[in-house]
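Please examine the sequence and the structure shown below.

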Amino acid sequence: MNPNITESVTRLIGDEAHRAASPGTELTLLTAPFGVAYIETELEALIGAYASLICISDNLAGHDAIVIAAFGDPGIAALREAFDRPVIGLSEAALARAAELARRFSIIAISPRISAWYRDVVERYGYGDRLASIRALDAPIRDIAGVQDEHAARLQALCEVAIKDDGAEALILAGAPLAGLARRIPGLPVPLVDPIAAAVRQAESARRAPHVAPPRKPNSGLPDAIRRILS
């Protein structure tokens, strides 16, 4: 589930997800039906989470797990309340993988606006003392799906600075627009974690958790998808 509206980002997600998936794993790619081009703020994350709630509800049948394909895991606690199967977040999966690989890791992000939110996410998942730094692009993004090509040299430099100056022993390339970048950056002396790949692998092994459905109560003015969840 891509919580933003950019279909080209969904294609990036899909390319990396298919590379990471085991033989026999079937993937459905969904794009938010409304919202923003890419998520930088918690307000945008709230919008993306709501769009995801509706879109997943309309496409849930026949699926065993859900991946929320945006770093920061927008709305993941609520989505886990809504659906009776595993809901995997990019941040949670990538942080767990980085912590397996290294004592200290850095996050490479696409915008400085994201940094404070990402730091809060790392703290919430209990990895605050493992975070070496968050390094972010500081240039305008003209095409979110083309950020890897447009800013290739700068992304490489951010990785090198995080290793040399911040002591990072692994790097997380955060966000769906950076899907696949871990395979494209050569010569770095530390592991690179692709959150899409980490989340797909986690989803394949995830078990359905005990599910407590939302309590029934009067409601009004909600879309049909939300009314179905609440009923």
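In this predicted model, helix α2 contains 18 residues, which at 1.5 Å a residue should span 26 Å. Helix α2 covers residues 42-59, and Tyr50 is found within it.

Which residues of α2 are buried? They are Glu44, Ala45, Gly48, Ala49, Ala51, Ser52, Leu53, Ile54, Cys55, Ile56 and Ser57. These buried residues pack against four other elements, namely β1 (66-68), α3 (76-82), α5 (115-124) and α9 (224-230).

A pair of aromatic rings is described by the distance of the centres and the angle of the planes. The structure holds 4 aromatic pairs. One of them joins Phe34 and Tyr50; the pair is tilted, with 6.0 Å from centre to centre and 55° between the planes. Because Phe34 lies in the loop between α1 (7-20) and α2, while Tyr50 belongs to helix α2, the pair ties together parts that are 16 residues apart in sequence. Phe34 has a relative accessible area of 32% and is therefore partly exposed. Tyr50, at 36%, is likewise classed as partly exposed.

Another aromatic pair, formed by Phe71 and Tyr118, is edge-to-face, with centres 4.9 Å apart and an angle of 65° between the planes. Phe71 lies in the loop between β1 and α3, and Tyr118 in helix α5, so that distant parts of the chain, 47 residues apart, are linked. Ring pairs join Phe71, Trp117 and Tyr118 into a cluster.

Charged side chains form a further set of contacts. Side chains of opposite charge can pair when their charged atoms come close. The structure holds 12 salt bridges. In one of them, the side chains of Arg19 and Glu16 meet at 3.6 Å, N to O. These two residues are 3 residues apart in helix α1, which means that about one helical turn separates them. Arg19 is exposed, with a relative accessible area of 52%, whereas Glu16 is buried, with 6%. A network of salt bridges links Glu16, Arg19 and Arg183.

A second example is the salt bridge between Arg135 and Asp166, in which the closest N and O atoms are 2.9 Å apart. Arg135 lies in strand β4 (residues 131-136) and Asp166 in the loop between α7 (152-164) and β5 (171-173), so this pair connects parts that are 31 residues apart in sequence. Arg135 counts as partly exposed at 27% relative accessibility, while Asp166 is buried at 18%.

In a further salt bridge, Arg184 and Asp149 meet at 2.5 Å, N to O. Since Arg184 lies in the loop between β5 and β6 (192-193) and Asp149 in helix α6 (residues 147-150), the pair ties together parts that are 35 residues apart in sequence. Arg184 is partly exposed, with a relative accessible area of 45%, and Asp149 counts as exposed, at 53%.

Methods. Residues are numbered from 1 along each chain as its sequence is written. This is a predicted model: local features need pLDDT of at least 70, side-chain atom pairs count only at pLDDT 80 or more; totals for chains, interfaces and linings use all residues. Side-chain values use heavy atoms; hydrogens and water are left out. The expected span of a helix is 1.5 Å times one less than its number of residues. Buried means under 20% relative accessible area, exposed over 50%, partly exposed in between (1.4 Å probe, protein chains only). Contact means heavy atoms within 4.5 Å. Rings of Phe, Tyr and Trp (its six-membered ring) pair if their centres lie within 6.5 Å; planes under 30 degrees apart count as stacked, over 60 as edge-to-face and the rest as tilted. A salt bridge is a side-chain nitrogen of Lys or Arg within 4 Å of a carboxyl oxygen of Asp or Glu.
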